[in-house]
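I opened this notebook to write down, step by step, what I looked up and what I found. The sequence and the structure come next, and my entries follow them.

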Amino acid sequence: MDKENFPRKIGEYIVYKKHCVYEIVDIKEEKICGTKKSYYVLKSVYDDRSAVYVPTDSEVLVSLMTSPFTYEEALAVIDESKSADVVWKEEVAERFKYFDELMQEDSLPRLISAYFLLSLQKEEALRAKKKFFAHDERTMQAAFKLICEAFAFSLDIKKDAVVPFICDRLS
């Protein structure tokens with residue numbers, strides 16, 4: 001196997017699927033179910049225990065490997081979130097469905113907007129001593145994780161500094 005003939009190279013940083021940043025640590029052949037295939041071996045930049053094997057011959061999966069944002073692109077996405085159309089739905093089942101669909105989108109500006117909307121609603125619920133639904137909490141935490149992973153690398157800051165950075169940028 002000639003590792004030089006693959007479009008992506010060992011040591012390259014990429015974003016795979018839902019905004020998670022990985023480093024290509026190897027390109028190797030594995031025999032699975034009796035078939036030998038070449039795989040990109042991806043290691044998460046933020047979780048040493050996370051490894052992903054992407055078949056090099058799968059155009060669909062390889063197309064999900066993109067370059068991380070530049071610093072300027074990250075700022076533009078954050079700025080775009082100011083005008084992202086995300087609304088609070090009072091009807092619980094409708095809201096759960098709405099946010100589940102939003103989480104499946106590939107829109108970081110809307111994800112940022114959703115995270116801040118959920119955070120605001122949580123604060124209001126706590127102040128009013130009302131219930132903040134577990135589904136809303138899980139959605140908010142999932143959005144938080146994706147936002148932090150998507151932007152920390154590009155902004156060259158720690159993950160826990162991403163949300164304060166975005167708050168400062170948007171205020």
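How many residues in the lining of the second largest pocket are nonpolar, how many polar and how many charged? I kept in mind that the model is predicted, and I found that the lining divides into 6 nonpolar, 1 polar and 6 charged residues.

I then looked up the pocket itself, which holds about 210 Å³ of space and is lined by 13 residues, with Trp88, Glu90, Gln121, Ala125 and Lys131 lying nearest its centre. When I asked which elements give two or more residues to this lining, I noted α3 (92–104) and α4 (108–127), and the largest share, 3 residues, comes from α4.

My next entry is on the sheet. I read that strands of a sheet pair through backbone hydrogen bonds, either parallel or antiparallel. Here 5 strands form an open sheet in the order β4-β3-β2-β1-β5, with antiparallel pairing. Because β4 (51–55) and β5 (65–66) stand at the edges and each has a single partner strand, one side of each is left without a neighbour in the sheet.

My last entry checks a helix. At 1.5 Å a residue, the 22 residues of α5 (residues 134–155) should span 32 Å, and the end C-alpha atoms of α5 are 31 Å apart, which agrees. Just after α5, I noted that aspartate 156 takes a positive phi of about 55 degrees.

Technical notes:
Residues are numbered from 1 along each chain as its sequence is written. This is a predicted model: local features need pLDDT of at least 70, side-chain atom pairs count only at pLDDT 80 or more; totals for chains, interfaces and linings use all residues. Side-chain values use heavy atoms; hydrogens and water are left out. On a 1 Å grid over the protein atoms alone, a cavity is a set of points where a 1.4 Å probe fits but cannot get out, and a pocket is an open set with protein on both sides within 12 Å along at least five of seven lines; lining residues have an atom within 4 Å of a point. Grid points are joined across faces, edges and corners, and a volume is the space filled by probe spheres set on the points. Helices (H or I, at least four residues) and strands (E, at least two) are DSSP runs, numbered from the N terminus. Ala, Val, Leu, Ile, Met, Phe, Trp, Tyr, Cys and Pro count as nonpolar, Asp, Glu, Lys and Arg as charged, and the others, Gly among them, as polar. The expected span of a helix is 1.5 Å times one less than its number of residues. Two strands pair if DSSP finds at least two bridges between them.
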